[in-house]
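Please read this briefing alongside the sequence and the coordinates.

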Amino acid sequence: MSTPFLELLAREASAVEFEGPIVEARAQGADPATIEELEQAKVEALKVRALLRRRARREAELSALYDTAGDLAALRDLDAVLEAIVHRARQLLATDIAYMTLHDPEQGDTYMRVTDGSISAKFRALRLAMGAGLGGLVAQTATPYATADYFADARFRHKGHIDEAVKEEGLVAILGVPLRLGQRVIGVLMAANRSARPFHQEEVSLLASLAAHAAVAIDNARLLQETRNALEELSQAHRTARAHGEAVERAALAHDRMTSLVLRGGGIEDVAAVVTEVLGGSLAVLDDLGRPITGDVGELDAGVFEAAQASRALGRTVRRGDLLIASVDVGGEPLCTLILRSDDADERILERAALVCALLLLFRRSVAEAEGRVRGELLEDLISRPDSPGLADRARRLGVDLRAPHVVVVARHGGQRERAAFWASSHATVRHGLAAGRGEEVVLLLPGVDAGGLAQRVAAELSASLHSPATAGASPARLPAPSAGEAPGDGTAGARDVAEAYQEARRCAEALIALGRAGDGASPAELGFVGLLVGDGRDVRGFVGRVLGAVLDYDARRGTALADTLSAYFGTGGSPSRTAEAMHIHVNTVTQRLDRIGRLLGDGWLEPERALETQLALRLHKLGHTSSPQTVGPDPI
């Protein structure tokens, strides 16, 4: 073969350019034998060119199939898997549109599941009966079919609604291959053009290979998470093999240093120091709630946390601007996120650092859970076996003084028991209290005296952690002095009171839910007359004072009869005229007294719930009446 043709092959010239040497020879007056020799050399060169192009295309197709398998392995949910399959099919065959139909066993046909490049709503909603249309034929026969001109092809049944949708989409040439699992066809993968185009056997084989990958991916969508790690390791090994030896050695050295740190008892701060020393830049480590553990990379926007979510889904580092983000999850829940601000850094080192930090956090969590179990067992004994010996000693060893004022909080939640129990244990440990999980509720024993405030805080923070409403009831653990025969400071009386406070707090939480206040927190004192029903103390005097105190105080100071007028007003069904008759006073006097009562009790005092509380307070005040109208006597209940 002559040198000009070799040069053309070497620079991958177009087929037209291979005519150049012959045209040039003719222009220079070459004899016919020379021209013939050049013609033969051109033919051979074009054959070599075609062979090289086929091999290059085949190599690209195989590489694309390999990348497809890697992409499928990295995806989590079925929708994402199907979208990736269809997009890759369109990309590999360079068609205008690609789409997938899946078999519907209930209706016995196939329906359009995913499209890529479609512009017709009718086409995207299409359903194909078995044997109808090219897709239905492929699904029925489990055999690939291709047509260069859909509307001129009579091998399959043309249905009016199908042809209308295909015409609206503008499709002409269509190729379809079955998605098979063993002998069962679960769908059809198709690629189509909006102009006439023949599909070569190599393209059919390529789409069939992709369909084989797709069928396995669909059938094993729920198992992808388990296999993704292995595929990612293979992909990582492939990338590492192509990387420079210096980068591999650098990553191994950094990994060894981080591992050595962990073995010597180092913490996350030490791991972060190694990463910044090796990679440069600034590093921040965030916990599962996105709070910084160490480091500072400035203010983070919502896009950073979306990138962290993508990192957990893909199992690798994600770049966002000048930030490299590596995030690790456990059981679908985020565990830690590393954010490195750097223009150029080895992503593998950051990923390994994220894994090391995750292991450290898991170890810390295991230690915290072990301590939480000890604290939970003590609280269970305080609730269920308050007379057990040694409770006070066990509490003191955990830093809890049962003689100090405490509040029992019962938080009802709708699920996520492990997360709720972990939150409660962490919260109680920080506040030097106790926590335990009991079915659909968590119980906390926290130091303090403000039962209502603690209930509201627990409800708000636990709801935020669970992303669902948590309802908290609270009751103060009133610790009486030791009774006769009880050693001072042994804590037995306090233990019994924890059990009683637990029952009251639980009733309070149930009352909140019954009142339609799910997600709120309160103690019996904040529940008005309902608190009288759920509370063990039944502070009747306090209830009457909160509801009716302003009126009773006014009567005591001025010598008036507003309370009696209010009682008569409710007793006559809210009629001022009948109230005047009952009290033997003028109706204008009744009106004036009611105006005064309204100013004392505030707006809304005649609303149904307020009116009910007011009437109950009046009745309780009358039952507790002793020496004067203004005195609330001993609790009548």
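**Helix H22 and its surroundings**

Helix H22 is followed by Gly602, a residue whose phi is positive, near 95°. The model is a predicted one, and the protein it describes contains 23 helices and 16 strands. Of its 637 residues, 44% are buried, and among the contacts with a separation of 6 or more, 60% are between residues 24 or more positions apart.

**Geometry and faces of H22**

- The buried residues of H22 are Val590, Leu594, Ile597, Gly598 and Leu601, each of them being under 20% relative accessible area.
- The exposed residues Gln592 and Arg599 are carried by the face of H22 that is turned away from its buried side.

**Packing of H21 against H22**

- Helix H21, which covers residues 576–583, has an axis that comes within 8 Å of the axis of H22, and the two axes cross at roughly 110°.
- Because angles of 65 to 115 degrees count as roughly perpendicular, H21 and H22 are described as roughly perpendicular to each other.
- On the H21 side the contact is made by Pro576, Ser577, Thr579, Ala580 and Met583, which meet Val587, Val590 and Arg593 in H22.
- The residues of this contact between H21 and H22 divide into five nonpolar, two polar and one charged.
- Val590 belongs both to the buried residues of H22 and to the residues of H22 that meet H21.

**Loop residues with positive phi**

- His584 has its place in the loop between H21 and H22, and its phi is near 60°, a positive value in a residue other than glycine.
- With a relative accessible area of 73%, His584 is exposed, since the cut-off for that class is over 50%.
- His467 lies in another part of the chain, in the loop between helix H16 (451–466) and strand E15 (470–477), and its phi is likewise positive, near 60°, in a residue other than glycine.
- His467 has 70% relative accessibility and therefore counts as exposed.

Methods:
Residues numbered from 1 in each chain as written. Predicted model: local features only at pLDDT ≥ 70, side-chain atom pairs only at ≥ 80, totals over all residues. Heavy atoms only, no water. Buried < 20%, exposed > 50% of the residue type's maximum accessible area, 1.4 Å probe, protein only. Helix = DSSP H or I, 4+ residues; strand = E, 2+ residues; numbered from the N terminus. Axes fitted to C-alpha atoms, helices over the stretch in contact; angles between N-to-C directions. Parallel < 35°, antiparallel > 145°, perpendicular 65-115°, else oblique. Contact = heavy atoms within 4.5 Å. Nonpolar A, V, L, I, M, F, W, Y, C, P; charged D, E, K, R; others polar.
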